[in-house]
Amino acid sequence: MAPSATYCIIGAGPSGLCTARHALTFDRNATVKVFEQSQQIGGLWAYTEQTGKDSNGLDITCMYANLRTNLIKQGMGYPDYPIDEQASTFVTINDVIKQLEGYAEKFQLKKYIHFQHQVVRVSRNFETNQWDVLVQDLANNRFTMYEFDFVLVCNGHYSSPVVPSFPGQNTFGGRQLHSKDYRRGENYRDERVLVIGGGHSGVDIAPDIALYADKVVLSHRCKVPVHTGDRVVQKPEVLRLTATGAEFVDGTEEDFDSIIYCTGYRYSTPFLSVDCGVSLHDNAIGPLYYHCININQPSMAFIGLPFNACLMLMMDLQARFCMTFFSGQKPLPSKQAMLHAWQMDQDERKRRGLTGKLTHMLAGDLQQRYYDDIASIVGIESLKPVLAKMHADCISSKNEDVNFRDFEYHIIDDENFVKVKIPSKSLSPSIG
């Protein structure tokens with residue numbers, strides 16, 4: 001590899017930051033450019049009261065004001081920059097952005113970030129064997145074509161919202177929005193609100209609104225009720241919308257002032273040309289070696305695709321996995337070997353029903369196995385099993401108890417943790 005390799009990193013959220021940090025560490029002579037279309041680091045953790053479009057006409061996506069994470073803080077920090085030990089297990093959006101700002105400061109990353117720069121097109125230049133990357137400087141409306149040896153896509157899961165369509169959607173007279181534009185429950189004071197979707201965001205947002213709204217209905221297709229507390233009424237799927245509200249599949253009707261679609265996001269890579277060698281189909285990107293490296297063009301990688309994981313720790317592990325190869329410290333396996341590994345993973349996922357939007361899900365035992373596999377391939381330390389165990393317990397508790405955040409998790413050793421209920425005076429720990 002040339003002594004001075006060039007790296008293009010798309011996005012300055014949690015995955016882009018740790019990828020930049022490791023590109024600079026693994027390859028001391030590297031030229032690293034991070035392109036971030038917004039004006040700040042953090043991706044959807046960068047809170048703003050604004051909704052809709054920003055000053056450059058780009059969609060604004062961020063978490064809501066009162067958010068406390070539904071993931072343990074031990075998985076939200078980086079190995080070399082953990083979240084403050086004094087913070088509670090389920091941290092706030094302010095805790096996360098403070099941690100990301102501190103990480104960027106510690107490793108002096110901001111000088112490598114080009115803010116308000118949107119990657120428009122990435123295409124393969126087969127003559128130079130490099131990547132042609134067209135970038136728009138949004139503030140000055142200027143386009144520049146760059147050439148890079150490596151491209152690392154770090155644009156996250158949450159750039160393209162999914163909004164289902166219902167008969168009568170255009171006739172409803174109230175406001176309709178996706179959860180990406182939800183900010184505060186106070187904005188729905190005395191309203192009748194329909195929240196559609198029984199996933200993480202719906203189960204979090206419905207009780208948040210219920211503190212202020214006149215009535216909150218959560219519509220979902222889960223076979224059993226989800227845990228949202230006493231103030232939220234649960235209904236089955238929406239059949240159609242009306243001018244004043246909604247009719248449900250059980251034949252009941254309700255009137256509403258607002259409808260919030262907590263219906264998730266899809267992966268989105270509109271800037272990748274067809275010659276990049278990967279395809280996005282049924283909300284899955286492939287073929288990828290261990291959900292990271294583009295097998296057809298292995299100087300491109302994706303950081304942060306898998307979910308149901310110890311978020312920042314996994315991204316950091318993936319970044320080191322990719323950079324071990326890209327920096328030349330270890331040779332990549334043959335294309336045939338990478339395709340075989342990918343196909344084995346695909347076959348197992350088909351057997352387990354993890355296809356379509358679940359293609360990148362680290363379900364059950366797949367989480368620790370994934371960490372162990374990519375660490376062992378490049379000879380680095382895996383994540384301690386206690387982290388995946390705490391994560392699994394947290395997800396299980398969330399599905400059973402709306403007050404799952406009333407517990408603190410503490411690591412005992414590499415395998416075990418203690419879980420303590422906060423409000424009780426006589427704390428009785430349970431060992432995991």
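Modeller: Across the interface of domain 1 and domain 2, six residue pairs are in polar contact, both residues being at pLDDT 80 or more; a polar contact is a pair of N or O atoms within 3.5 Å, where one must be able to donate a hydrogen and the other to accept it, and where residues adjacent in sequence count only if both atoms are side-chain atoms. The side of domain 1 that touches domain 2 is made up of seven nonpolar, seven polar and three charged residues, with Ala, Val, Leu, Ile, Met, Phe, Trp, Tyr, Cys and Pro counted as nonpolar, Asp, Glu, Lys and Arg as charged, and the others, Gly among them, as polar. This is a predicted model, in which local features need pLDDT of at least 70 and side-chain atom pairs count only at pLDDT 80 or more, whereas totals for chains, interfaces and linings use all residues. Residues are numbered from 1 along each chain as its sequence is written, and side-chain values use heavy atoms, with hydrogens and water left out.

In contact (heavy atoms within 4.5 Å) are 17 residues of domain 1 and 13 residues of domain 2. Together the two domains bury about 1,200 Å², 40% of it on carbon and sulfur atoms, buried area being the accessible area (1.4 Å probe) that two parts lose on being put together, summed over both. Tyr64, Asn66 and Tyr265 supply 42% of the area that domain 1 buries against domain 2. The interface also holds one salt bridge, a side-chain nitrogen of Lys or Arg within 4 Å of a carboxyl oxygen of Asp or Glu.
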